[in-house]
Every structure is written in C-alpha cells, then in structure tokens.
Amino acid sequence: MTTDTRRRVKLYALNADRQWDDRGTGHVTSSYVDRVKGVSLLVHAENDGSMLLESKIHPDTIYHKQQDTLIVWSEGDNFDLALSFQEKAGCDEIWEKICQVQGKDPSVEITQDVVEESEDERFEDMSDSAPPIELPPCELSRLEDISEVIASALTSAIRKDKLAQAIESENYIKKLIGLFRVCEDLDNQEGLHYLYEIFKNIFLLNKNGLFEIMFAEDTIFDVVGCLEYDPSGNSPKNHRQYLKKLVKFREAIPIRNTDLLAKIHQTYRVQYIQDIVLPTPSVFEDNMLNTLSSFIFFNKVEIVTLIQEDDKFLDELFALLTDPQTPDSKRRDSILFLKEFCNFAQYLQPQGKETFFKTLISLGVLPALEITLAINEKRTKSASIDILSTIVEYSPSVVRDYTLQQYNNSDSDEDQTLINIAIEQLLSDSEPELGGAVQLMTVLRILLDPENMLSSANKSEKSDFLNFFYKHSIQTLIAPLLRHTQSDKPTNEDYHVVQLLGVVLELLSFCVEHHTYHIKNCIINKDLLRKVLVLMNSVHTFLVLGALRFLRKIVSLKDEFYNRRVV
C-alpha cells in the first residue's frame, strides 16, 4: 500500500437524500484487474489497508475534474462517487490515467459530452449541506479548544470553507488578537503557544478574505507577534522589532500616493511573513498556501500599475539618476528602487510587461544605466547589472538599436557606448566570485546571438550590430587576453586575472560558434588563435580547459580556413 501523500484521498458517495457521505480516507492507485478485464481505480483504507473502492474505468463513463483536487463520476444511474485528493499532483496523475483509458486529452475537465446537471453542481450540494462550524467562545480558558477546532478543520476542503466563514463572520481574528495582547502582558507562555498554532493554521485555511483582515495596518504586527512564540523554539523571535525599527524604507523620491505607499509596506511585510516568519511548510501545507502567494502576486502587480500611472514620480526618478549633482547615496537608493520596480514587473501579463518596458525606455533607462554601471559602489553597480539583464532578456533589439543610434548620432568616444561600458565593467569586476562579470557575459551573449536578431527589407540588425561590435568593441574585450599572452606562457597567473580571462574565452568561443566572417577576420588580424593557445601553458587547469574548448569549437566547424591556421 502506498503512503505517497500525492495519492491520499477521501472517498465520498452521494446518498439517497442527495447528501455526500464520507466513505473513508485512503490511497488511490490505478491498475489492470483481471476479474473485470480492465483498468480500475482502487482505493485502500489508510488505517488497515482494506479495499474502499474498486471501480473499473469504462470508456463511456463521465468523469469530471474540478477545483484541481476533485474527480467526480457516476457508478450506475443513482450512485455518484467523488475522490477528493490531498494534493493536485496526485489528482493530475489519476486524471491522466482516466483520460488515457478513455482516449481523451488530459487538458479537458470532463471526459464525455453531457447535457444534464453537471457533477460540479452535484458536488456543490456537499458543501451546501455541511453543517456550519461552531467556534468556542474567544476566551483565555478556551484557547486549547479553539486550537483543536481549527486544526481539525484542515483535513477537509468543506470544513475549511465553513471554518473560514465562521472566523470572518464572528470577527474572530480581532478577538484572538485581543487575547494575544492579554497573554503577552501576563507573560502567559501556554496561551501564546496556543495562539501560535491557531494563527499558523488560520494561514493554512488559504482564504483571501482572512488575509485581508490579518494584513490590515492595525492588525499585521499583532499577527506577526503571535507567530513569534513557536512552541518548538527556545525563545521568541524579534520579528516585530525587525519590521518596525530595523527595516527602513528609503524614499529616494517622496511617494505622495498614500495608497501606493501603504501597498508597498504591506507587500514587504507579507513577503517577510511568507519567507521568514511562517514555519517551513511541508509539501502538503505548501500547496495550502497558494492563496498567500497570489495575495503577494496581485499586490506587486498593483504597485507596478500605480507607479506607472504616476508620470511625475517616474520623471523625477530618472532625473535623479542622470543628474551629475545627485549624491551617490541618493543615486544608490534610486537605482535600488528601480531594481525592485523591475522585479515586480516580472509578474505582469505579456501585454502589461511590454507597456512597462516601453515606458522605461522612453523615460531614458538606458542612458541612466550608462552612468550607474560605471559607479564604483557595489550595490549600485549590482542593481544596474540586474536591470540591464532584465531589459536585455526582454528585448535585446531595443538595446542593440540604442547602441547603434548612440554611436551614429554622437561625436563622443566610442568607449562610452552602452555595450563598451558593459565590457569595461566585466573586465574590471573585483569580486572574488566574478558574479557581475558572469552576469554581464550573459548579457553580451544575448546581444551577440544572431538567433534573436531581426532582419527585414529595410533593416539588417545582424550585419549592422556585428559590424559595430567587431569594429568598436571586440578590441576592448580581448585586450587583457592580448596583454597577458605576449610570450610562450601567460605573463600573469594571478587567480583573479585568469578567472577573467576564462570569462573572455567563453564569450569568444560563443562568437566562433555563431559568427563566421567577423570572428575570422579578428582571429587573423589579432593573431588570436596563437594567443589563446599560449593559455594552454597556464598553471590553472580551468584556464587550460577553456583554451582547449575554444580550439575544439574551431576544429568542430571543419572550416578549411581554420584548419590552415591550426596547422
């Protein structure tokens, strides 16, 4: 008998009074049964392994999947059954098996055409007929009873619904918070431990209406307080102190929209509750917290929408980023805010995301990044690289177009183009792990990838951008390679230096594989192949392997030009 929680189910049968009877909890499997000559659904009881259900999957039986964890069907004319799964994954597995037997696509929610009352409507009768849950009086002496009632309701979706309705209608959360304040004043540890369990399980009810109450400005810190008193912990955690005193929201530009400011504060606090305050959930509990994730998701979407609608705020933000007189600390706070703004925008639908990035481009995010990328302050630089990565992943063509226009329309030094600034920052990364350099290498690979370059009758992005790169940028990229390979051995074996050479080699290997004409000219004019082979004499194995991979890329092309150079 399996104990996999994915296959844990409750079996229900509809009785003569149109009420759903609980026939027991067990684990479901699907297998071929010789006696009925067909694949059957088998449910064995959780407690003693006895058979609760053996139901052959007939080709014309109507099965209905709903609520992600429920499968309903009829056995004969007047005998309806339902399997309520503990986990969506288990429901999906059994549903796929049913559809396989009936020859249906698993993406459907009902396996046969039906014109009568749907099983969905039948199953709703089960919820309607379930008795309401009566909560104990909200008193200190009843905390243990309250905890037991709430915990017992988590085993059934219907009981969870009924419990959530009772908590909301009786204003029970506010009453519990009143008890929490009393327990904390009296240092009543037993009561505080019960309240921890109560609120942890209220979260597992997974109801948005309850979240709205718990996350209100006048309630959220008390809810966090209840979750500080974990019975399994040694001493209470100081989550409230951290959220109230140690965390400071820096407004680079004053946010005048009070709704936006409140939403930002709420989202940060709820994210903190999900990531830090709540105990690490089991797999079962993790699925029960999806509404909390949705709550955070929609908050972030709303924040992005509210900021986008405030033209004055965004104008001030970009003016601050590009003004030479802006203090470094102010510029850092501004770019960190912009980074979070971009992170939140990842939750937008494709059309909203497109509007978002067009707004940033029109406001001058790329000229701003030219300034902030070159600032020698760790957090400013890191945030700038993150933002550039996000923009390039969304639309590399936008960045390529900007770089070409920037060069064509300017009399300034070619080194000041955005792509060359990115290369310079890659080569000057002083971090031991080269996190920024590796991230910028990925950015450059995307920009240099012909597969995502546009081509039309009036425009050839591939030829224009690659011509620019090999004329004005490649020499910056390979400069350290040429500098350290002037003899038969690398002239500098410093670990950090050779790490950077490894990054450059990886990017050059990409160019050999994806660019033909341009990289060939570079290899001839700069004697690049011989320079790379000098690295084979390095004392660092990873650099030797990088040079070998470069050589293998060339040999694998079976190009006569390269073969002559190798020989």
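Which residue in β7 is the bridge partner of Tyr-12? The close-ups below start there. This is a predicted model, where local features need pLDDT of at least 70, side-chain atom pairs count only at pLDDT 80 or more, and totals for chains, interfaces and linings use all residues. Residues are numbered from 1 along each chain as its sequence is written, and side-chain values use heavy atoms, with hydrogens and water left out.

View 1. Ala-82 is the bridge partner of Tyr-12 in β7. Strands here are DSSP runs of E with at least two residues, helices are runs of H or I with at least four, and both are numbered from the N terminus. Strand β1 covers residues 8-14, and 5 bridges join it to β7 (residues 80-85), with the two running antiparallel. Two strands pair if DSSP finds at least two bridges between them. Of the 7 residues of β1, 6 are buried, so the strand is largely enclosed by the rest of the structure. Buried means under 20% relative accessible area (1.4 Å probe, protein chains only).

**View 2. Val-33 in strand β2.** Val-33 sits in β2, residues 20-33, and counts as buried at 13% relative accessibility. Leaving out residues up to four places away in sequence, Val-33 touches Gly-38, Ser-40, Leu-42 and Glu-54; contact means heavy atoms within 4.5 Å. Lys-200 is another story: 167 residues from Val-33 in sequence, and 44 Å from it in space, C-alpha to C-alpha.

**View 3. Thr-219 in a loop.** Look between α7 (208-214) and α8 (220-226) for the loop that holds Thr-219. Thr-219 is buried, at 1% relative accessible area. Its side chain makes a polar contact with the side chain of Asp-218 at 3.0 Å. A polar contact is a pair of N or O atoms within 3.5 Å; within protein, one must be able to donate a hydrogen and the other to accept it, and residues adjacent in sequence count only if both atoms are side-chain atoms. A polar atom of the Thr-219 side chain also lies 3.5 Å from the backbone oxygen of Ile-213. Beyond its neighbours within four places in sequence, Thr-219 is in contact with Ile-173, Lys-174, Ile-177, Ile-213 and Met-214.

**View 4. Lining of the second largest cavity.** Arg-250, Glu-251, Ala-252, Ile-253, Ile-255, Phe-313, Leu-317 and Phe-337 line this cavity. On a 1 Å grid over the protein atoms alone, a cavity is a set of points where a 1.4 Å probe fits but cannot get out, and lining residues have an atom within 4 Å of a point.

Conventions. Buried means under 20% relative accessible area, exposed over 50%, partly exposed in between (1.4 Å probe, protein chains only). On a 1 Å grid over the protein atoms alone, a cavity is a set of points where a 1.4 Å probe fits but cannot get out, and a pocket is an open set with protein on both sides within 12 Å along at least five of seven lines; lining residues have an atom within 4 Å of a point.
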